[in-house]
Amino acid sequence: MKPLSIQPIPYQGSKRSLAPRICQLIPDGVETLYEPFAGSAAITIYAATHNQTERFVIGDSFGVLIDLWEMIIERPSELSERYSDVWHAQLDNPHHFNEVRAAYNDNADPVQLLYLVARCVKNAVRFNKHGHFTQSADKRRTGMKPDKVTRTVHNVSNLLKGRVELYKGDFEACIRNARPSDFVYMDPPYQGTSYGPDKRYAAQLERDTLIKALNRLDTRDVPYVLSYDGRTGDKTYGDPLPDSVNAHLLEISAGRSSQATLNGSAAETVESLYVSHGLELFDMAIPQEQPQKRLFA
Ligand SMILES: C[S@@+](CC[C@H](N)C(=O)[O-])C[C@H]1O[C@@H](n2cnc3c(N)ncnc32)[C@H](O)[C@@H]1O
């Protein structure tokens, strides 16, 4: 039997492949799973598919993305039909992607955003300092086919409808009401990838803001897992968070990076996971040279 299509937004940097390991850290009996840097909400989708929690909060400061989530969950037929129109119009117009991009940068239409994400180079969105979408079309692909979008958004709507609250805005406001019986998964833009002229995400995050937010979650006894920075081969992205953050640091192997593969290198990418105290860590290998770290292979 073919597995269900359940990833409606093909976001580069999605945590889809790491979701089975990250979701092992969600304790039984959690009431609400908060995903305040949702992007394609890979953790919510995995946890919902495996009935790990009943309720979800999907938040992101990129408002159009949340508009897209609203359409996926509440209006999947309308989204599918409009996506199919936008997708088919590219077949006899070589300028179509650029025209949709210009229209999206004027109107912030969530259906156009889905087409741009699905069709752009490596599904890697890029924005300029005005928040305009700048990535180009991938010339070798046509983007996710309309019939796949239709199947996927209906599956996701069936999975999440009536169980999700959507939040447009900053992560701290999104998790303001989280309680000790809830669970927060955070995947902010990484320190090592946030800066430069063409940004990966519509918004960036200051490290100090993140540290203070983690301190507040610790004080409120809200369990959390944070994905933050890491390394590929010898290259490290970002500095470790300070000891004031009351969390275990795990390293999770994410396989070969797509950049390393393009460069013909065999370098492995390892991502850091900060796991709040009190969450069960299972039996993980502890590298001898860095006993504070544990490897989540
Ligand atoms: C690394 S991506 C998340 C990817 C996600 N885990 C997935 O599986 O697709 C980071 C997301 O955080 C959002 N973001 C950036 N700064 C934010 C902030 N201060 N508050 C809320 N969301 C923010 C970005 O728009 C982006 O969608």
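This briefing looks at a helix pair, the core beside it and the ligand shell. The model is predicted, so local features need pLDDT of at least 70 and side-chain atom pairs count only at pLDDT 80 or more, while totals for chains, interfaces and linings use all residues. Residues are numbered from 1 along each chain as its sequence is written.

**Helix pair**
- The axes of α3 (residues 63-74) and α6 (residues 110-119) come within 8 Å and cross at roughly 100 degrees.
- Helices here are DSSP runs (H or I, at least four residues), numbered from the N terminus, and axes are lines fitted to C-alpha atoms over the stretch in contact, with angles from 0 to 180 degrees between N-to-C directions.
- The two helices are therefore roughly perpendicular (65 to 115 degrees).
- V64, D67, L68 and M71 of α3 meet P110, L113 and L114 of α6 (contact: C-beta atoms, placed from the backbone, within 7 Å).

**Burial and core**
- L65, found in α3, is buried, with 27 other C-beta atoms within 10 Å (the cut-off is 20 or more).
- The C-alpha atoms of L65 and L113 are separated by 7.9 Å, though 48 residues apart along the chain.
- The largest nonpolar core has 76 residues, and L68, L114, Y115, V117 and V184 touch the most other members (a core joins buried Ala, Val, Leu, Ile, Met, Phe, Trp, Tyr and Cys through C-beta atoms within 7 Å).
- Beyond neighbours within four places in sequence, L114 contacts I9, L68 and Y83.

**Ligand shell**
- Of the 21 residues around the ligand, F37, G39, S40, A42 and D187 come nearest (near: C-beta atom, placed from the backbone, within 6 Å).

Conventions:
Angles under 35 degrees count as roughly parallel, over 145 as roughly antiparallel, 65 to 115 as roughly perpendicular and the rest as oblique. Two residues are in contact if their C-beta atoms, placed from the backbone, lie within 7 Å. A residue is buried if 20 or more other C-beta atoms lie within 10 Å of its own, exposed if 12 or fewer, and partly exposed in between; C-beta atoms are placed from the backbone.
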